[in-house]
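Reader: I would like a close look at a single part of this model, the open sheet, and at what can be said of the packing elsewhere in the chain. Please keep it to what the coordinates give.

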Amino acid sequence: MAETEEALRTLARNVRAARIRAGLSLDELGRRAKVSKGALVALERAQGNPNFATLVRLADTLGASVSALTEGRPEQRVRVVSADAVVPLWRGERGSEARLMLTTGGPAATEVWRWTLEPGEEYPSHPHQAGVTETVSVTAGEMVLVVDGIDHPVGAGQTATFDADHPHTYRGSGSGTCHLIMTVHLPPGPA
């Protein structure tokens with residue numbers, strides 16, 4: 001419980017700081033991210049518990065990575081992250097999940113995600129901000145990447161990349177669990 005409360009306080013602090021840096025009021029951030037002002041007020045008071053889609057919309061609107069909103073400051077030069085130590089940010093009804101492992105620093109950050117997709121289960125993603133590119137590398141199983149309504153099968157040992165400012169969906173296919181590593185390449189921030 002204390003770990004969850006600390007995570008909410010970190011999220012609240014980071015969202016508020018990013019909103020202020022961006023020069024956005026709660027009303028304007030809510031309008032742009034399609035999140036109610038009440039939900040934002042609760043979130044900035046560490047009383048909200050936003051879902052994965054809301055976190056992505058807030059990050060996109062604020063020009064930040066999801067992990068920039070959810071993580072504290074890195075304490076070490078080298079970070080080694082175990083999947084067991086990272087809470088899934090999305091879980092599907094059939095057991096699929098997405099874990100944000102880490103985000104690289106620098107002017108153009110990259111998020112590294114570990115996903116599992118069960119056959120037939122899917123995650124529809126809203127379009128991201130312009131300049132965001134995603135890459136999916138399937139390490140086991142099969143998936144279908146749907147971009148602009150067109151299916152693109154991706155199997156074990158294959159990698160696909162696309163501009164993520166279009167509607168896209170990740171769907172498990174085949175007969176077993178699909179394991180994949182996703183990278184989300186964010187555009188450089190303001191200089």
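Author: In this predicted model, Val 146 has Asp 151 of β7 as its bridge partner. That pair belongs to the antiparallel pairing of β6, residues 142–147, with β7, which runs over six bridges. The two strands are part of an open sheet of four strands, ordered β4-β9-β6-β7 and paired in the antiparallel sense. At the edges are β4 (122–125) and β7 (150–155), each of which pairs on one side only. From one strand to the next, the twist averages 20 degrees.

Next, the nonpolar packing. The largest nonpolar core has 43 residues, and those touching the most other members are Leu 69, Trp 115, Met 143, Leu 145, Tyr 170 and Leu 180. Helix α4 (residues 52–62) gives this core its largest share, six residues. As for Trp 115, leaving aside residues up to four places away in sequence, its contacts include Tyr 170 and Leu 180. Trp 115 also touches Trp 90, Glu 97, Ala 98, Tyr 123, Cys 178, His 179 and Met 182.

Helix α2 can be treated separately. Within its residues 26–33, Leu 26, Leu 29, Gly 30 and Ala 33 are buried. These four lie on the same side of α2 because they cover an arc of only 100 degrees around the axis. After α2 comes Lys 34, with a positive phi near 60 degrees.

Definitions and conventions: Residues numbered from 1 in each chain as written. Predicted model: local features only at pLDDT ≥ 70, side-chain atom pairs only at ≥ 80, totals over all residues. Heavy atoms only, no water. Pairing = 2+ DSSP bridges. Axes fitted to C-alpha atoms, helices over the stretch in contact; angles between N-to-C directions. Buried < 20%, exposed > 50% of the residue type's maximum accessible area, 1.4 Å probe, protein only. Arc of directions from axis to C-beta. Core = buried A, V, L, I, M, F, W, Y, C linked by side-chain atoms within 4.5 Å. Contact = heavy atoms within 4.5 Å.
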